[in-house]
Amino acid sequence: MTASSSPGPSRDWGLLGVGAAAVAACAVCCAGPLLAVLGGVGLASAVGALWMPGLAASAVVSGLGVLMVRRRRRRAASACRTAPARTDLGMPTVGPSPERSEVVKTGR
């Protein structure tokens, strides 16, 4: 037998191998972005499903926080209050004082 008559690999199997390698390379290359897109869609769905109850819960919690702060401030303000009483500040009168008017009257 001569070298030219020996059976060699056929071209059909070679093309199939190259095609399989290309498909495998594409799958490896695109797997990360595809999984990221699918994960993002799943996360967006979860957030969308929890959004309204989450908003309602945050509204209730913030309302309770406002009520607690107002109640604490009222308690603190009532603890610091004193009984209202009149206090003489010792301010001068506008007109002549009664003592001076007597002195002036007696001095004439």
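**Surface patches and cysteines of a predicted helical chain**

A positive surface patch is formed by Arg70, Arg71, Arg72, Arg74 and Arg75. Patches were built from residues with over 30% relative accessible area and no salt bridge, joining like charges within 9 Å and nonpolar side chains (Val, Leu, Ile, Met, Phe, Trp, Tyr) within 5 Å. A salt bridge is a side-chain nitrogen of Lys or Arg within 4 Å of a carboxyl oxygen of Asp or Glu. The structure is a predicted model, in which local features need pLDDT of at least 70, side-chain atom pairs count only at pLDDT 80 or more, and totals for chains, interfaces and linings use all residues. Residues are numbered from 1 along each chain as its sequence is written, and side-chain values use heavy atoms, with hydrogens and water left out.

Arginine 70 lies in helix α1 and is partly exposed, at 47% relative accessible area (buried is under 20%, exposed over 50%, partly exposed in between; 1.4 Å probe, protein chains only). Methionine 52 is also placed in helix α1, which covers residues 11–80; helices are DSSP runs of H or I of at least four residues, and strands are E runs of at least two. With 58% relative accessible area, methionine 52 is exposed. Together with Leu43, Val47, Trp51 and Leu55, Met52 makes a nonpolar surface patch of about 530 Å². The chain has two helices and zero strands, and 1% of its 108 residues count as buried.

Zero disulfides (cysteine sulfur pairs within 2.5 Å) are present. The sulfur atoms of cysteine 26 and cysteine 30 lie 3.9 Å apart, too far for a bond. Cysteine 26 is partly exposed at 43%, as is cysteine 30 at 30%.

Note on methods: Areas by Shrake-Rupley, 256 points an atom, 1.4 Å probe, with all protein chains shown as cover. Lys, Arg positive; Asp, Glu negative; His and termini not counted. Charge placed at Lys NZ, Arg CZ, Asp CG, Glu CD.
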